[in-house]
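Keep the viewer open as you read.

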Protein chains: 2
Amino acid sequence: MTVPTGRRERKKAVTRQKIADAALRLFLERGYDAVGIRDVAAEADVAVTTLFSHFASKEALVFEQDEDFEQRLTRAVTDREPHEPLIPALRREIQALVRHCTADSAAPIWRMIDASPALREYEESMRLRHAESLATAIAADPGLSPTPTACRAIARFVIDAYSLARAAADPKATVDEIFRMIEAGWEVTCPSANSTATAGP
Amino acid sequence: MTVPTGRRERKKAVTRQKIADAALRLFLERGYDAVGIRDVAAEADVAVTTLFSHFASKEALVFEQDEDFEQRLTRAVTDREPHEPLIPALRREIQALVRHCTADSAAPIWRMIDASPALREYEESMRLRHAESLATAIAADPGLSPTPTACRAIARFVIDAYSLARAAADPKATVDEIFRMIEAGWEVTCPSANSTATAGP
DNA sequence: GACCGTAGCACTAACGGATAGCATTTTGGA
DNA sequence: TCCAAAATGCTATCCGTTAGTGCTACGGTC
């Protein structure tokens, strides 16, 4: 097997990061629309084609860490404590993710995203992919027996909760409120014995 | 007041339809990616700039009737029988919409959409707009008193149901299954007196 | 340590969607 | 009849993205 854990990979990672850093710097400095791909490439001192060999599109430069998001979601399902109910585990993770992206340090970036239709559109299609991954993870859980449709639906609902909470005035309360609804919907299709967690009387 | 209800509006509508027809014809004939904007403009016998004065983007040519969809959704809420519960009314409308777009006659169009990432992405951001409209309509209902967050969440869930059902093997059953979950979630935030409609024992 | 296949990168040129600027025609109303 | 606005057209251009090509540095193998 060829497991190339050497200089080549490191250099590649460095180049990628150099591009991402240059892009974010320029975007925040002059605005997303005012910066061209050619500007970013020049700032990072690489060719345009090199830039596109690291990032599939201009928008992808902004959502550089999107795979982290996806992994944290699926791991919240697969790596949770044995017998811990699914929905609370997901709620905890969504709370953490929302807290992370509503932090003050991330504010300028999200302001930029919200100001650009292209970026908003890209984010939404990203979320769809994440929902599909999450649905797969839920479906693969041996302790549960939901239908494929229920998996996909719950996964979408969870992503919706994230999306709505991120833009809400009180993100934490928004997540809690929507997850009360999700929990109720989940109980209908996949009833669990001990289900008096967050649902009311 | 100038209410231009005359020839000008009619001609404009004709031009718009002529463009949309030409576009759909070419797209289905040669494939979406294989047809350029210049081809469509030539086929419709208009200038490229004229095309873009009627449609905001190439993708918008395919989703020409997207406002119909939005209106049918909001009207399902605002025009429903007095005292008819919200969720069943929405379920009926979603069933009808799904039936409409899974009809045999529409199959080639949706096959084309599913085959093009650009079109799928565009559709998704369209659905987001529709969800916002729906949320507004729900929030404006005098017979209900949900929180703004609950409105937005339910609206998203309903759109999710449409989106998932459209791609499912058994669209009708998928809508029913997801709406059982939605109904349960709705009851949690906006309890109604007579709530034994679709929820199980 | 020399060799070779490949991954990373650069350069040029171009394609295709979208737009700005300005000219022209058509239309509705004064 | 004439004007202002709307609709359309033409030209040139911007910008994201990709194809084609070749060079260089690296990793694995002998």
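**A walk through the model**

Going along chain A from the N terminus, the elements read α-α-α-α-α-α-α-α-α. That makes 9 helices and 0 strands for chain A; helices here are DSSP runs of H or I with at least four residues, strands are E runs with at least two, and both are numbered from the N terminus. Some bookkeeping before going on: residues are numbered from 1 along each chain as its sequence is written, while chains are lettered from A and ligands numbered from 1 in the order in which they are written. This is a predicted model, with local features needing a pLDDT of at least 70, side-chain atom pairs counting only at pLDDT 80 or more, and totals for chains, interfaces and linings using all residues.

How confident is the predictor in chain A? The mean pLDDT there is 92, and 93% of the residues score at least 70; pLDDT is the predictor's confidence in each residue, on a scale from 0 to 100. Within chain A, confidence is lowest in H1(A), with a mean of 92, and highest in helix H8 (residues 148-167), with 98. Be careful with residues 195-201 of chain A, where the pLDDT is below 50; this stretch has 12 contacts in the model beyond near neighbours in sequence. Where pLDDT is low, the predicted coordinates should not be read in detail.

Now for the overall build. Taken along the principal axes, the C-alpha atoms of chain A fill a box of roughly 60 × 50 × 25 Å. Chain A has 201 residues, 30% of them buried. A residue counts as buried if 20 or more other C-beta atoms lie within 10 Å of its own, as exposed if 12 or fewer do, and as partly exposed in between, with C-beta atoms placed from the backbone. Of the contacts in chain A with a separation of 6 or more, 59% link residues 24 or more positions apart; a contact means that the two C-beta atoms, placed from the backbone, lie within 7 Å.

You'll find Val62(A) in the loop between H3 and helix H4 (66-78) of chain A. Val62(A) counts as buried because 23 other C-beta atoms lie within 10 Å. Leaving out residues up to four places away in sequence, Val62(A) touches Phe27(A), Ile113(A) and Leu119(A).

Asp45(A) has a positive phi of about 60° although it is not a glycine. Is Asp45(A) buried or exposed? Asp45(A) has 11 C-beta neighbours inside 10 Å, so it counts as exposed.

Next, the pairing of the chains.

Finally, turn to the DNA. DNA strand D is surrounded by 23 residues, the closest being Gly6(A), Arg7(A), Gly36(A), Val46(B) and Thr50(B); near means a C-beta atom, placed from the backbone, within 6 Å of the strand. The largest share of this surface, 4 residues, comes from H1(B). Its classes split into 7 nonpolar, 9 polar and 7 charged residues.

UniProt, in an unreviewed entry, lists residues 36-55 of chain A as "DNA-binding region"; such annotations may be inferred rather than shown by experiment, and positions follow the numbering used here, with feature names shortened. In the model, residues 36-55 of chain A are 75% helix and 0% strand, with end C-alpha atoms 14 Å apart.

How values were computed:
Ala, Val, Leu, Ile, Met, Phe, Trp, Tyr, Cys and Pro count as nonpolar, Asp, Glu, Lys and Arg as charged, and the others, Gly among them, as polar.
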